[in-house]
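Me: Could you walk me through how some contacts in this model get their labels? I'd like to see the cut-offs behind each one.

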Amino acid sequence: DTEVTQTPKHLVMGMTNKKSLKCEQHMGHRAMYWYKQKAKKPPELMFVYSYEKLSINESVPSRFSPECPNSSLLNLHLHALQPEDSALYLCASSQVSSTLNTEAFFGQGTRLTVV
Amino acid sequence: KNEVEQSPQNLTAQEGEFITINCSYSVGISALHWLQQHPGGGIVSLFMLSSGKKKHGRLIATINIQEKHSSLHITASHPRDSAVYICAVRPLRSQGNLIFGKGTKLSVKP
């Protein structure tokens with residue numbers, strides 16, 4: 001199994017809603033990532049989890065709250081989002097290593113629209 | 001200046017043509033990835049390189065670490081190759097996260 005599965009594929013939410021994005025992998029990867037991609041732009045890193053601990057937070061607003069409940073799951077909790085947060089949210093995973101060249105695997109993304 | 005520069009930004013080709021997409025980067029890296037993204041879709045990893053050359057079907061990727069440059073070649077291009085191709089680098093001593101180029105939008109006409 002070399003898949004990273006993201007759910008839901010599409011999400012429309014109001015600015016007062018609370019929702020969660022989910023990401024799952026069963027490759028034994030201990031590094032997981034959230035990226036945000038606006039239309040016609042490259043992905044931008046939001047968070048990195050390493051061994052289920054948050055290791056990088058790229059100054060992301062607190063209305064985005066990541067969670068890594070176990071080594072296979074990564075969640076992104078959303079609350080009080082703004083329309084400009086509408087984007088494709090991509091999850092990725094890889095082995096943890098600063099020396100080994102490990103391949104990154106990406107999910108299909110969640111297309112989020114905030115209304 | 002972006003840390004990862006790709007050229008061209010847009011590329012239109014006729015079916016069967018040989019295609020080259022270039023990537024230059026300015027940081028020290030442990031690996032370089034070539035990724036493919038279809039409209040509205042997720043990202044598929046095509047290659048991961050740290051040196052030399054790799055080939056997979058009609059796709060070839062090369063990297064020159066000294067010159068900080070990589071190329072992705074597509075031989076005998078086909079309309080189904082139409083997608084955005086993204087070069088991404090893994091900086092030295094990173095947590096595994098990638099820095100992405102802006103992508104090259106490829107359209108192959110039948």
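Me: What makes A:Phe106 buried?

Reply: A:Phe106 has a relative accessible area of 9%. Buried means under 20% relative accessible area, exposed over 50%, and partly exposed in between, with a 1.4 Å probe and protein chains only, so A:Phe106 is buried. One caution: this is a predicted model, where local features need pLDDT of at least 70, side-chain atom pairs count only at pLDDT 80 or more, and totals for chains, interfaces and linings use all residues. Side-chain values use heavy atoms, without hydrogens and water, residues are numbered from 1 along each chain as its sequence is written, and chains are lettered from A and ligands numbered from 1 in the order in which they are written.

Me: Why is the pair of A:Tyr35 and B:Phe100 called edge-to-face?

Reply: Rings of Phe, Tyr and Trp (its six-membered ring) pair if their centres lie within 6.5 Å; planes under 30 degrees apart count as stacked, over 60 as edge-to-face and the rest as tilted. Here the centres are 5.2 Å apart and the planes stand at 85 degrees, so the pair is edge-to-face. The pair crosses between chains, from strand E4 of chain A to strand E10 (residues 99–100) of chain B. Strands are DSSP runs of at least two residues, numbered from the N terminus.

Me: Why does A:Asp85 count as buried, and A:Arg63 as partly exposed?

Reply: A:Asp85 has 2% relative accessibility, so the label is buried. A:Arg63 has 23%, so the label is partly exposed.

Me: What makes B:Arg58 and B:Asp81 a salt bridge?

Reply: Their side chains meet at 2.9 Å, N to O, so the distance is within the limit for a salt bridge. B:Arg58 is partly exposed at 26%, whereas B:Asp81 is buried at 7%.

Technical notes
A salt bridge is a side-chain nitrogen of Lys or Arg within 4 Å of a carboxyl oxygen of Asp or Glu. Helices (H or I, at least four residues) and strands (E, at least two) are DSSP runs, numbered from the N terminus.
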